[in-house]
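Hi,

Here is the structure I promised to hand over. My notes follow below it.

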Amino acid sequence: MAAPALARCMARTGVLPLGQAWGRAPRLPPSPLPAQRRAFSNNKVLVELDESAGVATMKFKSPPVNSLSLDFLTEFCISLEKLENDRACRGVILTSAVPKIFSSGLDITEMCGKSTEHYAEFWRAVQEMWLRLYSSNMVTVAAVNGSSPAGGCLIALTCDYRIMAENPKFSIGLNEAQLGIVAPFWFKDTFVNVVGHRVAESSLQLGSLHSAPEAHRIGLVDELVPEEKLKDRATAVMQQWLALPDHARQLTKTMMRKAVLDRLVAHREEDVQNFISFISKESIQKSLRMYMEMLKKKKS
Ligand SMILES: CCCCCCC/C=C/C(=O)SCCNC(=O)CCNC(=O)[C@H](O)C(C)(C)COP(=O)(O)OP(=O)(O)OC[C@H]1O[C@@H](n2cnc3c(N)ncnc32)[C@H](O)[C@@H]1OP(=O)(O)O
């Protein structure tokens with residue numbers, strides 16, 4: 001495709017390049033007007049904005065498993081950008097509208113049997129999602145209400161704070177190695193920044209999916225709460241974070257994340273080419289096909 005779908009959408013919606021988003025003026029506190037709620041939705045995400053609190057909730061609604069398809073990633077970025085540019089919004093809670101699944105990670109069908117152009121477009125969209133979320137000026141809280149492998153885990157790791165439902169059946173982790181693929185350096189860097197090098201090293205090599213209690217023990221999630229309390233707890237955490245002046249928090253976040261962000265920004269095209277040559281290998285395609293078959297067999 002001549003121009004990536006994401007770029008087209010961004011041209012349509014007037015989204016700012018990433019670097020400019022960083023230089024944006026600090027957010028103003030919401031005006032003391034009566035409580036106002038606004039909602040907008042597309043095929044993949046539902047956003048509800050509580051203007052009086054300055055907090056949006058973004059719910060993933062792409063059944064059966066909220067896989068991160070090109071369409072999902074595009075809609076996600078557009079919704080995030082809308083909130084980023086909305087002065088009434090200072091924080092966003094990410095959660096799922098699909099029972100038991102937060103997100104099943106990158107849509108494997110987008111990485112199987114497609115053209116080089118498609119792989120490039122898809123990977124740019126994955127990069128864009130991470131760059132925008134990791135550099136967001138808003139407070140970002142992941143309310144992880146279901147399993148969250150690989151790319152789903154990356155979304156949670158990219159937020160400022162993670163709260164997970166304490167259901168031991170829910171698992172989370174960067175399990176790429178189990179699929180015979182390798183998490184790229186910016187997945188790894190994000191993971192290391194949350195759990196530390198030692199835990200990340202073994203967890204990544206083993207492609208571990210951690211149960212909710214184990215994820216809490218290794219610091220992958222910040223707290224566990226009963227599922228029915230997840231929404232209230234995420235709101236309470238958000239209020240705590242929003243009690244601080246935005247400019248101080250935003251500058252601190254930028255300082256903490258800049259090196260990791262800059263690394264991908266500086267090597268973006270190289271990273272796309274690396275993805276294409278890796279994913280196009282017949283051995284990798286075979287691994288992914290076998291993995292998909294295994295998922296189907298598990299059902300029957
Ligand atoms: C140099 C760069 C190298 C490349 C780097 C690439 C980085 C990759 C990152 C990724 O995110 S790869 C994706 C990893 N994801 C997984 O391993 C999750 C796989 N899925 C599951 O474990 C389970 O589906 C689940 C999420 C735990 C849910 O289980 P449940 O029993 O509720 O549902 P299923 O019956 O298994 O699935 C329903 C339906 O959805 C399909 N599906 C599941 N996950 C994906 C996916 N990630 N992509 C595409 N499709 C997926 C599954 O096959 C079923 O389909 P049908 O059989 O109904 O057609």
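What covers the buried residues of α7? The cover includes β9 (171-173) and α6 (185-195). Contact here means C-beta atoms, placed from the backbone, within 7 Å.

First, the basis. This is a predicted model: local features need pLDDT of at least 70, side-chain atom pairs count only at pLDDT 80 or more, and totals for chains, interfaces and linings use all residues. Residues are numbered from 1 along each chain as its sequence is written. Helices (H or I, at least four residues) and strands (E, at least two) are DSSP runs, numbered from the N terminus.

**Helix α7**

Helix α7 spans residues 197-206, and its buried residues are Ala200, Ser203 and Leu204. They fall within an arc of 95° seen down the axis, so they line one face of the helix. The arc is taken from the directions from the helix axis to the C-beta atoms. Arg198, Ser202, Gln205 and Leu206 are exposed on the other side of α7. Buried means 20 or more other C-beta atoms within 10 Å of the residue's own, exposed 12 or fewer, partly exposed in between.

**Helices α4 and α11**

α4 (residues 116-134) packs with α11 (residues 268-279) at an angle of about 130°, and their axes are 9 Å apart. Axes are lines fitted to C-alpha atoms over the stretch in contact, with angles from 0 to 180 degrees between N-to-C directions. On the α4 side, the contact is made by Thr116, Tyr119, Ala120, Trp123, Arg124 and Gln127. α11 brings Arg268, Asp271, Val272, Phe275, Ile276 and Ile279.

Best wishes

Technical notes. Two residues are in contact if their C-beta atoms, placed from the backbone, lie within 7 Å.
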